[in-house]
Amino acid sequence: LIDRVRVSLGFSELGLEFSVLAAVLEETMLKLQLGSLLQNPLPCGLSIVKVVNASSINLTALADIIEPQLRGMRYEGLRDTVNMMVGSVFEMYRVPIIYASPSLMQAAADALNVAISEYKLISEVDCVVMPLPAVDPPNYVNFQNDSTLEQARAALTSSPPNQNASGINRAVVGPATQDWNPDGIEGVIVLSPELFHIKEDAGPFGLIEVRMSNVTIEGIDTIYELEVLRPDPIEKGSNPFEQLTVLGIGRGEVEEATGRERPLSFSVKVLLGIRSNRLSILDEFTLRLSVRDLHLALGLMAMFDVERFLNLKLGQLLAIDCLLAVFRPGGLQVQRLDLSLAEMRLDFDCSDCRSPGLIQLGRDLSDEAFVSELTAAIQRLFDDLGAHMEGPVGTAAITRSIEMAPELCELIMPLSWHDAGGENQSVGRSVSVVLSALAAAVAIGFYAWRLSVHYAKRTLILPYRARSDAEGEGDPAPEE
């Protein structure tokens, strides 16, 4: 008789704070293979940590503890009896447990440290190295039936690209970007509070100061279309390595101040100053580039080698040359590149401008005729870029970059399969040299033997035959 029993326990309004001290071996971390980390996350993760310690676990909030429930037992009478006994004990100790929970957290931290130390001792040899990628046949990603990609696409389509509460903008992008700016605004990322600051004494020109700060991206939560790595249906008989990515951004809700849809914008705050005995100029302004209804459609034929990608080390994942080394020459082509936009506007907002030229520049940039000309010029640039990347010139440039990628990646960190390939090539060259030497020795020996035979024939056999012929001419013919 097998009976499966499940016990449920819940917490209401639970809040926890973890303080962890970790000393990470940087060089070991950068050399850790991605595939090893994905297959054995805990042992490989602990292998790069010299010291790890849970300093404290603090209970910041706990409103209530939900009564435990026993489920799954076959005999309902026994199950009800056990639940009644558990409920009685729970009611007796529920309030004391709630009050004692903060003091129990330090004991939990100590137990966690002991568990981590014991696990680290027994798992030091469990972080295995990934095997080298197979040369033939390579294991390419099939975009039509790959289960991981299907799950990722399903997760993306679960939050549609709209401005509803359940859409990707308010449910995903907005909360994810709140911590990327000091004011906690959704859809805003402040890349650098101060990009650079130069303050130099230029002699007779006086003191020159240039500062660029508050580099900000706004309107990230204005996505209106999103498809990632969408393949054509298998029924069409299409190439399983072809896929399409579509992104539409810059079409948010209508702003009350402007009456237009909220765009995607990039802004930077600039300060220009010159101070001397005769001249003092200080200009402070914000330069903002706004894009409305930006649409990208990128179709690729990508023969992405999974085993090569898993053999990459963590220190190589952010290097474009190492990522290109995953492909083989001819394995990456741009089949479609469509870029379009409805409007591009360059705004010049002077907060403290003393130069008349800058004030006039701000007026000129806001002129609708200039906005139309700028939008048309950028659209022509996008069209030329798409035609270039889809044509033979763009394909040749990508292939050339892939061919050069392994050598360029070697400057950062050696590739595991490139080293193996180099060793195999060295062995092949050595074998070729040995075979060539043997062939040369056989040829030399053959010609030496022929020469010796020829010499022996000239010096021994031919003189002997000549003497024999001369002696035969002086003697009488024998009688029968």
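Leaving aside residues up to four places away in sequence, N113 touches N53 and A54, where contact means heavy atoms within 4.5 Å. N113 has its place in helix α4, which covers residues 76-122; helices (H or I, at least four residues) and strands (E, at least two) are DSSP runs, numbered from the N terminus. With a relative accessibility of 13%, N113 counts as buried, the term buried being used under 20% relative accessible area, exposed over 50% and partly exposed in between, with a 1.4 Å probe and protein chains only.

The model is a predicted one, in which local features need pLDDT of at least 70 and side-chain atom pairs count only at pLDDT 80 or more, while totals for chains, interfaces and linings use all residues. Residues are numbered from 1 along each chain as its sequence is written, and side-chain values use heavy atoms, with hydrogens and water left out.

The average pLDDT of the protein chain is 81, and 84% of the residues score at least 70; pLDDT is the predictor's confidence in each residue, on a scale from 0 to 100. Over residues 420-437 the pLDDT stays under 50, and for this stretch the model has one contact beyond four places in sequence. Residues 473-480 also have a pLDDT below 50, and that stretch has zero contacts in the model beyond near neighbours in sequence. Where pLDDT is low, the predicted coordinates should not be read in detail.

Q379 belongs to helix α10, residues 368-390, and, its neighbours within four places in sequence left aside, Q379 is in contact with L339, S340 and L341.

Two disulfides are present in the structure, a disulfide being a pair of cysteine sulfur atoms within 2.5 Å. One of them joins C322 to C409, with an S to S distance of 2.0 Å. C322 lies in helix α8 (residues 320-324) and C409 in helix α11 (residues 392-410), so this pair ties together parts that are 87 residues apart in sequence. Both C322 and C409 are buried, and the disulfide between C322 and C409 is right-handed because the torsion about its S-S bond is about 95 degrees.

The other disulfide is formed by C350 and C353, whose sulfur atoms are 2.1 Å apart. Here the torsion about the S-S bond is about -85 degrees, so the disulfide of C350 and C353 is left-handed. C350 counts as partly exposed at 29% relative accessibility, whereas C353 is buried, with a relative accessible area of 16%.

Across the whole structure a search finds four aromatic pairs; rings of Phe, Tyr and Trp (its six-membered ring) pair if their centres lie within 6.5 Å, and planes under 30 degrees apart count as stacked, over 60 as edge-to-face and the rest as tilted. Among them is the tilted pair of F304 and F309, with 5.2 Å centre to centre and 55 degrees between the planes. The rings of F304 and F327 have centres 5.6 Å apart and planes at 75 degrees, so this pair is edge-to-face. F304 lies in the loop between β11 and α7 (306-310) and F327 in the loop between α8 and β12 (332-340), so the pair ties together parts that are 23 residues apart in sequence. F304, F309 and F327 together form one aromatic cluster, in which F304 is partly exposed at 23% relative accessibility, F309 is partly exposed at 24%, and F327 is buried at 11%.

Another ring, that of Y224, has R251 lying over its face, at 3.8 Å from the ring centre; a charge sits over a ring if NZ of Lys or CZ of Arg is within 6 Å of the ring centre and within 35 degrees of the ring normal.

Finally, the backbone deserves a look. Most residues other than glycine have a negative phi, and most peptide bonds are trans. L229, although not a glycine, has a positive phi of about 55 degrees; L229 is placed in strand β7, residues 223-230, and is partly exposed, with a relative accessible area of 25%. D293 likewise has a positive phi, near 55 degrees, in a residue other than glycine. D293 sits in the loop between β10 (280-292) and β11 (294-302), and counts as partly exposed at 21% relative accessibility.
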